[in-house]
Amino acid sequence: MQNDIGSRGRKMVTIVDPHVKRDKSYYIFTEAEDADFFVKNKNGGVFDGWCWPGSSSYLDVNSPEVRAWWAQQFTVDKYEGSTKHLYIWNDMNEPSVFNGPEVTFPKDNIHYGGVEHRDVHNLFGLYYHMATAEGLKVRGAVEEQYGDRPFVLSRAFFTGTQRVGPIWTGDNAADWDHLRISIPMLLTLGVTGLPFSGADVGGFFGNPTPELLTRWYQVGIFYPFFRGHAHLDAARREPWLFGEETTTRLREAIRARYALMPYMYTLFREANTTGAAVMRPLWYEFPADKAALT
């Protein structure tokens, strides 16, 4: 499937989360356990938290050695089922721990250098994001003649994330207010130095009406990062499921996005070289116009 998609100039993105299933038959777990690469609890033992796989350990990505090891796991000979057309989405990397206080690590967990988690919480997601992106660079050095640009989407972010990859605004809902608030959220992220961001088009939770979905597509094509994403229990919402009239409008919006791609690439190049926002409030573009401030 990946090679077929790749032959059409497209890529596939799959989720890779920071929790590692505590399973002796899983080589990532056993190698990391043998190398003492996991975050510790306050008593010095390996922290055991609960996330999607069940009982899980978490790589201590505060350690440069751990990050370097993690980056080596993305070559196609190690990442089973992967190809050079596969890219990554780091979810749950705040980190999320379902049975943890405030659904994350206890503040007295111990990281590399004897540092407590309370002092490095916001760095964890950034370091995991960095190490994953570095893994795609390592793979690209092998698979591509001129290397590869990594694409790694992240839910967690911190100062410096703009150097690594895109982010999105998290689990929103199929609600007109969530469509409305996505605009100032993304404008704010852009002017504060995080230009590659987006919101889940149509809302993550719930089921959008055809009108809400249409309007969200029509706004979303101007997000720097444009995608649809929904909860497992939400109804299917592919563009062709809402009747011909809605499908036509969604198709027109998507085509408008493709028509804007040369302009978007120019904005991204400017962001890369100057730090300028991709999605900009009016006052950013027209600072002398007082009307733009209201």
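Colleague: This is a predicted model. Are H5 and H6 roughly parallel or roughly antiparallel to each other?
Modeller: Helix H5 covers residues 176-191, and helix H6 covers residues 210-220. The two pack at an angle of about 5°. Angles under 35 degrees count as roughly parallel, those over 145 as roughly antiparallel. H5 and H6 are therefore roughly parallel.

Colleague: How far apart are the axes of H5 and H6?
Modeller: The contact brings Trp176, His178, Leu179 and Ile183 of H5 against Glu211, Leu212, Arg215, Trp216 and Val219 of H6. By class, its residues are six nonpolar, one polar and two charged. The axes of H5 and H6 are separated by 10 Å.

Colleague: At what angle do H6 and H7 pack?
Modeller: Helix H7 runs over residues 244-274. H6 is roughly parallel to H7, because angles under 35 degrees count as such. The axes of H6 and H7 lie 9 Å apart, and the packing angle is about 10°.

Colleague: Which residues in H7 meet H6?
Modeller: The contact of H6 with H7 holds six nonpolar, four polar and two charged residues. On the H6 side stand Pro210, Leu213, Thr214, Tyr217, Gln218 and Gly220. On the H7 side stand Thr246, Arg249, Leu250, Ala253, Ile254 and Arg257.

Colleague: Which elements do the buried residues of H6 pack against?
Modeller: Buried residues have under 20% relative accessible area. In H6, they are Leu212, Leu213, Thr214, Trp216, Tyr217 and Gly220. The elements they pack against are H5, strand S11 (200-201) and H7.

Colleague: What is the volume of the largest pocket?
Modeller: The lining of the largest pocket has 50 residues. Closest to the centre of the largest pocket are Phe151, Pro166, Phe196, Phe225 and Tyr265. The volume of the largest pocket is about 2,400 Å³.

Colleague: Where does the largest share of the lining of the largest pocket come from?
Modeller: Elements that each supply at least two lining residues include strand S1 (12-15), helix H3 (64-71), helix H4 (121-143) and H7. By class, the lining of the largest pocket has 31 nonpolar, eight polar and 11 charged residues. The largest share is 11 residues, and its source is H7.

Colleague: How much space lies in the second largest pocket?
Modeller: The second largest pocket is lined by 16 residues, and the closest to its centre are Val16, Tyr26, Ile28, Trp70 and Tyr79. Its lining splits into 10 nonpolar, two polar and four charged residues. The space in the second largest pocket is about 360 Å³.

Colleague: Which strand gives the largest share of the lining of the second largest pocket?
Modeller: Strand S2 (19-21) and helix H2 (27-34) each supply at least two residues of this lining. The largest share is three residues, and the strand that gives it is S2.

Colleague: Which helices do the buried residues of H3 pack against?
Modeller: In H3, the buried residues are Val66, Arg67, Trp69, Trp70 and Ala71. The helices they pack against are H2 and H4.

Colleague: How far apart in space are Phe38 and Lys24, C-alpha to C-alpha?
Modeller: In sequence, Phe38 and Lys24 are 14 residues apart. In space, their C-alpha to C-alpha distance is 15 Å.

Colleague: What is the relative accessible area of Met92?
Modeller: Met92 belongs to the loop between S5 and S6. Its phi is positive, about 60°, although Met92 is not a glycine. Most residues other than glycine have a negative phi. Met92 is buried, with a relative accessible area of 5%.

Colleague: What is the phi of Asp36?
Modeller: Asp36 lies in the loop between H2 and S3. Asp36 is a residue other than glycine, yet its phi is positive, near 60°.

Notes
Residues are numbered from 1 along each chain as its sequence is written. This is a predicted model: local features need pLDDT of at least 70, side-chain atom pairs count only at pLDDT 80 or more; totals for chains, interfaces and linings use all residues. Side-chain values use heavy atoms; hydrogens and water are left out. On a 1 Å grid over the protein atoms alone, a cavity is a set of points where a 1.4 Å probe fits but cannot get out, and a pocket is an open set with protein on both sides within 12 Å along at least five of seven lines; lining residues have an atom within 4 Å of a point. Grid points are joined across faces, edges and corners, and a volume is the space filled by probe spheres set on the points. Helices (H or I, at least four residues) and strands (E, at least two) are DSSP runs, numbered from the N terminus. Ala, Val, Leu, Ile, Met, Phe, Trp, Tyr, Cys and Pro count as nonpolar, Asp, Glu, Lys and Arg as charged, and the others, Gly among them, as polar. Buried means under 20% relative accessible area, exposed over 50%, partly exposed in between (1.4 Å probe, protein chains only). Contact means heavy atoms within 4.5 Å. Axes are lines fitted to C-alpha atoms, for helices over the stretch in contact, and angles run from 0 to 180 degrees between N-to-C directions. Angles under 35 degrees count as roughly parallel, over 145 as roughly antiparallel, 65 to 115 as roughly perpendicular and the rest as oblique.
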